[in-house]
Amino acid sequence: MKLRHVTVMIHRVAVMLLATAFLAGAVEIRLPCKPGSFKFAVFGDTGTGGREQYEIAQQAASCQRIFPFELAIMLGDNMYGGEAPRDFQKKFEAPYKTLMERGVKFYAALGNHDDAEQRMYKLFNMNGERYYTFRPKADIRFFALDSNYMDQDQFKWVEKALTESHSKWKIVFFHHPLYSSGRRHGPNLELRKVLEPLFVPYGVSFVFAGHEHFYERMKPQSGIYHVIMGSSGKLRRGGINKSNLTARGFDEDRAFVLCEIDGDTLYLQAISRTGETIDYAALPCRKTPHAAAAAAAAQLDVTRARAAGSSR
Amino acid sequence: MRKFLITAPALLLVAGCAINRQASRSRTIGPLEQFDGRVKEYVELHRRLQSKVPELKEKTEPAKILAHEQALGRLIKASRPDARQGDLFKPAVQPYFERVLKSEFTGAGGKSAKATVKDGNPRYDEQSAHPGLKVAVNATYPKSAPLSTVPPTLLFKLPKLPQELEYRFVGRNLVLLDTEANLIVDYLPEVVPQ
């Protein structure tokens, strides 16, 4: 009787393990997955409504069970070829339904295939703005930019927002990459000319971009990590002309990225449609005089708040 | 008397110079001011008509976004049925735009700026080219067509636009696009150098 009971238990555990492996799409999550760390996902150039976009979304949903990311950033080209209500359904709401049901919030940037009015769409969380910022956790701030149209107003806004931010982690995302080894597009030099002089002194650590339909992580440029994630829907097979810039590139299948911030380190794992890990890295936060000053100011705020609290 | 004879010509000279300077300044910035004025008039019309369509909330449904855009577009079209090319880009201001665009697209960095403008340009875009996209005043910009990237280096030189309007490129044409109504408001034909 006892033996039978043990056999049933083993059977149950085996079934659970198999189910977990199936749901995880056999993805081996290499990220530390620490309690209390900040976890997010990155998708770019998604909006095809095609089978591969759905498969990527499914893979991400499987990973989310093990690696419970709270938000996802979208790097533009959220809708290809039409923006009728049915397109929003087919190219966004249906593929990411499972993730959204689990409470994952999506934050979108605009690509060159996106109508600016997407900023009003509630599930993109842009609050009616082409460019915006949000702080999901103390010390971590995201900046979503509209790289299609970097006019004077936006430029001034970026400068002000970066200057005023006291967050240790400043992560910027937009559509057109400042650095790229792409055969088709390559880097957007005009954008780099105006944005890099802001990103470097004001302590930006990470820049995520899409546009190129592949995955590429650059070696740090002026201390900043640039990652292209533009193949979560579209793919340009063989699109990378590997150069001295490339730390890791993948242009053979669709992909997405998972990130985890724990203390001074951002852990990144890029995963293909078939669940293969195509990149894994542990990357440090940038230390700039501005970042140090910002951190000191933030600490001062905390101290003041505590003092105010104790004096009450 | 002698004092008057010395100071009068000097005063006349100063006044003459001032008038001359003012005249030359109005020759230089006059067309640009005129352009700004036309833009302002258009945006006033846009805002007036916007108040006649149901207000769009910051977080809304795609169907409402589309309905709002189409309703606003219809009202604007109906309000300027005789609008034609050059209404905002008056002939007097065209040489200014041509000069700025020429300086951006030729010389150092010109090649890269031209490549940027071709990127997403509906006439050349590899993924969803719209070679037959008609550029016409009051035409709706097709939702399926991509938008050309406009180099920030160029945007910093061109006259600033209110948030309702954007400069875009379709082929070699510089288009003034109403982003909320998704309408082509005016355009400058074939201004990007070959």
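**Cavities and pockets**

Guide: The second largest cavity is lined by Glu83(A), Phe88(A), Asp115(A), Glu117(A), Gln118(A), Pro62(B), Ile65(B), Leu66(B), Glu69(B) and Lys143(B). On a 1 Å grid over the protein atoms alone, a cavity is a set of points where a 1.4 Å probe fits but cannot get out, and lining residues have an atom within 4 Å of a point. This is a predicted model, where local features need pLDDT of at least 70 and side-chain atom pairs 80 or more, while totals for chains, interfaces and linings use all residues. Residues are numbered from 1 along each chain as written, chains are lettered from A and ligands numbered from 1 in the order written, and side-chain values use heavy atoms, without hydrogens and water.

Visitor: Which element gives the largest share of that lining?

Guide: Helix 2 (residues 62–79) of chain B, with four residues. Helices (H or I, at least four residues) and strands (E, at least two) are DSSP runs numbered from the N terminus.

Visitor: And how much space lies in the second largest cavity?

Guide: About 70 Å³. A volume is the space filled by probe spheres set on the grid points, which are joined across faces, edges and corners.

Visitor: Which element gives the most to the lining of the largest pocket?

Guide: Strand 1 of chain B, with three residues.

Visitor: What about the second largest pocket?

Guide: The second largest pocket holds about 290 Å³ of space. Among its 16 lining residues, Arg184(A), His185(A), Ala115(B), Thr116(B) and Asp119(B) lie nearest its centre. Helix 4 of chain B gives the most to this lining, with four residues.

Visitor: Chain B keeps coming up. How many helices and strands does chain B have?

Guide: Five helices and three strands, in the order α-α-α-α-α-β-β-β from the N terminus. Of its 194 residues, 47% count as buried, meaning under 20% relative accessible area (1.4 Å probe, protein chains only).

Definitions and conventions
On a 1 Å grid over the protein atoms alone, a cavity is a set of points where a 1.4 Å probe fits but cannot get out, and a pocket is an open set with protein on both sides within 12 Å along at least five of seven lines; lining residues have an atom within 4 Å of a point. Buried means under 20% relative accessible area, exposed over 50%, partly exposed in between (1.4 Å probe, protein chains only).
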